[in-house]
Each structure stands twice: as structure tokens, then as C-alpha cells.
Amino acid sequence: MSVPATQPSHMSHPGTAPHQVVVPSSFFVSSTFQGIIWYVMPSMLIIVNDIFAYIFGITLGRTPLIKLSPKKTWEGFLGGFVCAAVAAFYGSRVSGGRRGVA
């Protein structure tokens, strides 16, 4: 019995089924764990920025940032920015400091 031209014979082999299921799923799991830092780091930096902008704005805030939101201050803005930059520096060191795909 011959195989039709539209169906390759290697695709009908029962030994290829586990490879078609297991290999892609293992790549998905490994890439998910390697890429989770791209979700965690920006989320952490936004939280750090908000918290420290509030703290610096309450304690040192004198100069209003914008009339639309009168409680926002330049001191809070700069304090949040500096603390987020420091958190980004130390967060990249803790996470392994990956420099991309090598």
C-alpha cells in the first residue's frame, strides 16, 4: 500500500507524536521562566516609583509640578525617579544581570 502524495510518510509515524507535543511545550515553559523578568521588573519599578514619589512629595514637597494636580510636586517626581533608577540597578544585579541572548 503506497502513501498518497499529499501525506508525507514521516508524519504518519506514531513515534513522532510525542516529539510534536513534548518538545514545543518544553520550549514554552523554559522561555516563560526566562522572560518573566520582563513582566516583574517594570511592575516593580512602577510600584517603587509611586511609593517613593508619594513619600518624597509628602516630606519634602514644596514646588508644585502641575496645576492640574496641585498635590504633585517636583520633589516627589525627582525622588520617585531616583529611587526607581536605584531599584532598577539593584534589581538587574539580583536577577542575574542578563545581557540578552548569548
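Trainee: How far does helix H3 reach from its first C-alpha to its last?

Mentor: Happy to start there, keeping in mind that this is a predicted model. H3 covers residues 74-94, which gives it 21 residues. At 1.5 Å a residue, the expected span is 30 Å, and the helix comes close to that, reaching 30 Å.

Trainee: What arc around the axis do the buried residues of H3 cover?

Mentor: Let's list them: Gly 76, Gly 79, Gly 80, Cys 83, Ala 84, Ala 87 and Gly 91 are the buried residues of H3. They lie on the same side of H3, because the arc they cover around the axis is only 130 degrees.

Trainee: Which elements do the buried residues of H3 pack against?

Mentor: Good one to ask with the model open. The face turned away from the buried side carries Phe 81 and Arg 93, both exposed. On the buried side, the packing partners are helix H2 (37-60) and strand E2 (69-73).

Trainee: What pattern does the chain follow along the sequence?

Mentor: First, the inventory: the chain has three helices and two strands. Read along the sequence, these give the pattern α-α-β-β-α.

Trainee: What percentage of the chain's residues are buried?

Mentor: Let's set the surface beside it. The chain exposes about 8700 Å², with 72% of that supplied by carbon and sulfur atoms. Of the 102 residues in the chain, the buried share is 12%.

Technical notes. Residues numbered from 1 in each chain as written. Predicted model: local features only at pLDDT ≥ 70, side-chain atom pairs only at ≥ 80, totals over all residues. Heavy atoms only, no water. Helix = DSSP H or I, 4+ residues; strand = E, 2+ residues; numbered from the N terminus. Expected span 1.5 Å × (residues − 1). Buried < 20%, exposed > 50% of the residue type's maximum accessible area, 1.4 Å probe, protein only. Arc of directions from axis to C-beta. Contact = heavy atoms within 4.5 Å. Areas by Shrake-Rupley, 256 points an atom, 1.4 Å probe, with all protein chains shown as cover.
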